[in-house]
Amino acid sequence: MHFTSEQRLDDGVVEREFTLGEIPGTLWTPGSAGSPGAAPAPLILMAHNNGLPKGADRLVARARHAAAHGYAVASIDAAGCGDRPRSAADEQARADLRRAVQAGEPVDEIFESFIGPLVDKAVPDWRTTLDALLALPEIGGPVGYSGWTAVGIRLAVAEPRIAAAGLFAGGYVPHAQREEARQVTIPLLFLLQWDDEGNPRQRALDLFDAFGSKQKTLHANLGGHTGTPWFEGEDGIRFYDRHLK
């Protein structure tokens, strides 16, 4: 892991850009992290829905909020996401999706062919990143996950170091991950926007029901895709405090 920049932000959080092979990422840590006598900070892996970049404003705001509350938070551009190169198949899927949306045609089949490979490629990158992050002296376990539901499901099944996950119901979840949801047993906080225009409500409720976790909480709020209320950030911190500290 090679750090390429570092800055202390006005809330005291330290933001560092890094590269790990071909993986670009950002790490936010509390200002006290790494100080003499300071305990290693618990870690949250934070992914934006459906491959948006690690620098997306909403993700950065959530990351800084969590870091200000004592967590190390990391986000990456996984393969085919953000600023990383996209294959011809990725570009064709995005073009097909735009065309279908503009024409008012069904998009599930396109999403399935597009999101499934993104998940398959993203999870190994996240596991590689997790290995490198936990080798840093200022970071320790337990490890939480926040964000993109499809990747979160796969990681929770494949990675025993993930102890709790906060998932956003606003992204498309392929059939493979809907089946894998039954194998997820860690504590979950599932956020649903009741009027999300891109995610049928019943599909999200069915997914919540499918999770195998004995500790799972559903927070549903009125509003569209990007309308998650600010107070959910505070509830999210309390959720991670219960399970990671």
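Helix α4, which runs over residues 149-158, is mostly covered, with eight of its ten residues buried. The model described here is predicted. The protein chain holds seven helices and nine strands. Its radius of gyration is 17 Å, close to the 18 Å that the globule rule gives for 245 residues, so the chain is as compact as a globular protein of that length.

**Helix α4 and its cover**

- The buried residues of α4 are T149, A150, V151, G152, I153, R154, L155 and A156.
- Among the helices that cover these buried residues are α3 (108-134), α5 (175-180) and α6 (201-210).
- Strands also take part in the cover, including β6 (139-148), β7 (162-168) and β8 (188-193).
- Two residues of α4 that are buried, V151 and L155, are in contact with W126.

**W126 in helix α3**

- W126 is placed in helix α3, one of the elements that cover the buried residues of α4.
- The relative accessibility of W126 is 2%; buried means under 20%, so W126 counts as buried.
- Leaving aside neighbours within four places in sequence, W126 is in contact with L45, M46 and A47, with A74, S75 and I76, and with V151 and L155.
- The C-alpha atoms of W126 and I76 are separated by 7.7 Å, although the two residues are 50 apart along the chain.

**S75 in strand β5**

- S75 belongs to strand β5, which covers residues 72-76.
- With a relative accessibility of 1%, S75 counts as buried.
- A polar atom of the S75 side chain lies 3.0 Å from the backbone oxygen of M46.
- M46 is also one of the residues that S75 touches, when residues up to four places away in sequence are not counted.
- S75 and E17 are 58 residues apart along the chain, and their C-alpha atoms are separated by 9.8 Å.

**T26 in strand β3**

- T26 is found in strand β3, residues 23-29.
- The relative accessibility of T26 is 2%, and T26 therefore counts as buried.
- The side chains of T26 and E17 are joined by a polar contact of 3.0 Å.
- Beyond four places in sequence, T26 is in contact with E15, R16, E17 and F18, and also with K54, V73, A74 and S75.

**A66 in helix α1**

- A66 lies in helix α1, which covers residues 57-68.
- A66 has a relative accessible area of 3% and is buried.
- Not counting residues up to four places away in sequence, A66 touches I44, Y71, V73 and I237.
- The C-alpha atoms of A66 and G223 are separated by 24 Å, and the two residues are 157 apart along the chain.

- The peptide bond from G141 to P142 is cis, with omega near -5 degrees.
- P142 is found in strand β6, one of the strands that cover the buried residues of α4.

**The chain as a whole**

- The C-alpha trace spans about 60 × 40 × 30 Å along its principal axes.
- Buried residues account for 52% of the 245 residues.
- Of the contacts between residues at least 6 apart in sequence, 67% join residues at least 24 apart.
- The accessible surface of the chain comes to about 11,100 Å², and carbon and sulfur atoms hold 53% of that surface.

Notes. Residues are numbered from 1 along each chain as its sequence is written. This is a predicted model: local features need pLDDT of at least 70, side-chain atom pairs count only at pLDDT 80 or more; totals for chains, interfaces and linings use all residues. Side-chain values use heavy atoms; hydrogens and water are left out. Helices (H or I, at least four residues) and strands (E, at least two) are DSSP runs, numbered from the N terminus. The radius of gyration is taken over C-alpha atoms; the globule rule is 2.2 Å times the number of residues to the power 0.38. Buried means under 20% relative accessible area, exposed over 50%, partly exposed in between (1.4 Å probe, protein chains only). Contact means heavy atoms within 4.5 Å. Accessible areas come from the Shrake-Rupley method with a 1.4 Å probe; for residues, only the protein chains shown count as cover. A polar contact is a pair of N or O atoms within 3.5 Å; within protein, one must be able to donate a hydrogen and the other to accept it, and residues adjacent in sequence count only if both atoms are side-chain atoms.
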